[in-house]
Amino acid sequence: MDLMEMNVVSETNQFIVIQLGEEQYGVDIKYIDNIVRMQHITRVPKVPEYLKGVINLRGEVIPVMSVRLKMGLPVDEINKNTRIIILKLDTHGNIGIIVDEVKEVVTLETENVEKVSYDGKDDRTNYIFGIGKYDGGLISLLDFSAVLAE
Amino acid sequence: MDVSQYLEIFLDETKEHLQSLNTQILNLEHSPEDVDTINEIFRAAHSLKGMAGTMGYKRMQALTHELESVFTDVRGGTLKVTSNLIDAIFQSIDALEEYLTNIQANADEGNNDNEHIIKQLQDILAGGGVEEAPPKKTKGAPKEKVAKMKKQENWLEIPIGENEAILALAKKQGKNVYGITVKIQDSCLLKAARAFLVFKAIEDLGDIIVSEPSTQDIEDEKFDQIFSLIIISEYPLARIIEAAESVSEIENVTGGDLDIDTSDVSDEEETVLVEAGNALAVDNAAASGGGAGPQPEKKSSKPVVNRTVRVDIEKLDVLMNLVSELIIAKNSLVSASSSEEGTDRSNGVNEQIEYLESVTTNLHESVMKVRMVPIESVVNKFPRMIRDLSKKLNKKMELYMSGEETELDRTVVDEIGDPLMHLLRNAADHGLEETAERIRIGKPENGSIFLDAYQEGNNVIIEVRDDGAGVDIEAVKKKAVEKGIISFEQGENMTEKDIVELLFHAGFSTAAVVSDVSGRGVGLDVVKSKIEALSGEVEVKSTRGEGSVWTVRLPLTLAIIQALMVTVGGEKYAISLGSIQTIEDISSEDIKFVQASEVINLRGTVIPIIRMSEVLDVESTKPTEDGMVVVIVKKGDKMAGLIVDELMGQQEIVIKSLGKYISKCKFISGATILGDGEVALILDANVLI
């Protein structure tokens, strides 16, 4: 059991806490390249609905997806707190995800991360790999290989 | 130690030399007496031999040595150039290429000795110039075994220091501890590479514990001709010395057992140090004597035909990015000025823009030129290939090339070789008739294949032409029906052009007999997809009995293009200017229906139209009664009219990739960043047609 957790949270255990709908999620800080304000997104035709389009980030064209739509949550409500988190992933290149709000950075000890068993029934647990416990409560830790899978 | 720094140079130069050999030998076949050609070949062979030797590729060296010998005789006039000789030489060039491929793949030349080729060359040598041409003395003359202890025993002075324990342990385990001193020939140019080979040879037999000078210094060539090693090995000393001596350009290797008293360590250490002190003076004298010798001349054999420039493509890419940023900056200025129109400042801004514009245009052009390389490097190998095919297929044929100097983006040039080769093979195998047949129908006995390259606007056209039989429409149709690609009824209704297009269908080969030249089921469809991957296209035109023309159209550059900006449903899109034919204003009455699809009749040509708002899933913002803007795009001889809402104007745009994550959308070829920072998508008209 200990071994499993070691694999899950190994090099770094700092997470950025984000708000998506009613819930708080954690994004491993090692994947984060940048956090930018909501900006104009150019729509790309003939792609799945959750792919909102592309943005210009200092001369680079970066695709942006709605995690809400991907996870089956209601459509994003864009307001002044809305942010785009730019993730840097080996498998997918750079990609932006829209989140309702970015709250804080938390450091989680290994023993405060509980691995979630994978059950096919609930769609949303498919997108997280664990639950983190910290002072403010619980955060679901996002599993990007699942979130970004097509 | 790392030999890769030399390896790259070696690979590059060897390729050049082999290419030059190929070309020159083809020349030689046509004019066997040409002295310049023979000299050029001799020089190339000589350089190859030298390089292979220096890098320690012995098999390659042996083969090139024979080549060189042959051409020594040819140059001396004692050996006549015969077709037999040419064949043998081509074979050896192929063998050398094989070595090179092996080296490129895993830094090792492989195990093929190619003895039969060497034998063949030796036979030619023996048969051609027995009296006057004694085989050249093999390099590195038999190495005499130097008596041990006679020369400098540098290994004795190696400070053992902290390795003492390891050595003592090895002794205890019954392994041998040796010290050896290696002396490299004074004439050796790449000492470090040699030393590396010695290290490699010895490491196969045991472990190197200490090296004097240090490995790093040896790698940096910070040593004279001599270096010493302490080795732990299970093998006898003689075997290790033999291994080290087998590396070429090694003058001698001496060595002996290193005595290490396993019981009394500290004592031993002292002795070694004292001995080292004594030996030092002697050794310094010997070493400086050896190292100070003048470097023998060697560079004289550099061929003069080298016209290529090697530029690190990564550096170029950085440069390209800089240019794209500049253009983006320029575009920002443009949009800034248009929002300030009427004020006094706008004049100054305009001036700035003009300046910036000329700078960026120039920069763009010059950078593009650096990226461009002539297709020569690719097409050079084709004459040789056609010659081989001619022999293999037993058809007489000749390749005529023009426009080898036509330049293309380097990435395109690297990729275009295979498709072109395939088209040429196809022309040779399927296109040209058998020689007997040609004579019968009164065509010239020699079949002709043409490869013409030229620039046309923003494209480069490469045409592969043959004067063979042309495509047999009926055979293609029959075959396609047989293979189930089309139904019989479909076949009856197809135009000749459509039938010819079937050749590009996957799994299509018309050769009745499958040969290893062409027709393994994969073929033209692969050519097509490869060329399309390079944003190019390929077409075929054929006249029965007169031959076929395969036209490959490639974009000149890939990164920056002139584009027409349009809006559709409030969104901005770019269309490459290269594919735009004209722009027309039409009214909705002009649209007619033909077979349930919309067309317009434009000055006698019927052109299908595509409503972009439908393709892009947006509401058009323009009321139809105002008339419509149609952008007529062209691909080859096909045209289509794209209905857009509004035209915004022409702009130079930088093509950016949409990223791996969004690559599903076929008719979007990329994106670009506009002056206001917004992203606009680029429509690929070629896919829409």
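Analyst: Two residues are taken to be in contact if their C-beta atoms, placed from the backbone, lie within 7 Å. On that basis, in this predicted model, 19 residues of chain A are in contact with 22 residues of chain B. On the chain A side, β4 (51-57), β5 (60-66) and β7 (93-99) each give two or more residues, and β4(A) provides the largest share, four residues.

Now to the helices of chain B. Helix α2 (residues 35-55) of chain B packs against helix α3 (residues 58-76) of chain B at an angle of about 155°, their axes being 8 Å apart. That angle is over 145 degrees, so α2(B) and α3(B) are roughly antiparallel. The crossing of α2(B) past α3(B) is left-handed. From α2(B), the residues that take part include I38(B), I41(B), F42(B) and L48(B), and their counterparts in α3(B) include M60(B), L67(B), F71(B) and V74(B). The contact of α2(B) with α3(B) comprises 10 nonpolar, six polar and three charged residues.

Another pair to look at is helix α15 (residues 410-431) and helix α20 (residues 524-533) of chain B, packed at about 150° with axes 9 Å apart. α15(B) and α20(B) are therefore roughly antiparallel, and α15(B) passes α20(B) in a left-handed crossing. Here E415(B), D418(B), P419(B), H422(B) and L423(B) of α15(B) meet V527(B), K530(B) and I531(B) of α20(B). Sorted by type, the residues of this contact of α15(B) with α20(B) are four nonpolar, one polar and three charged.

Methods: Residues are numbered from 1 along each chain as its sequence is written. Chains are lettered from A and ligands numbered from 1 in the order in which they are written. This is a predicted model: local features need pLDDT of at least 70, side-chain atom pairs count only at pLDDT 80 or more; totals for chains, interfaces and linings use all residues. Axes are lines fitted to C-alpha atoms, for helices over the stretch in contact, and angles run from 0 to 180 degrees between N-to-C directions. Angles under 35 degrees count as roughly parallel, over 145 as roughly antiparallel, 65 to 115 as roughly perpendicular and the rest as oblique. A crossing is left-handed if the near helix is turned anticlockwise from the far one by less than a right angle, and right-handed if clockwise. Ala, Val, Leu, Ile, Met, Phe, Trp, Tyr, Cys and Pro count as nonpolar, Asp, Glu, Lys and Arg as charged, and the others, Gly among them, as polar.
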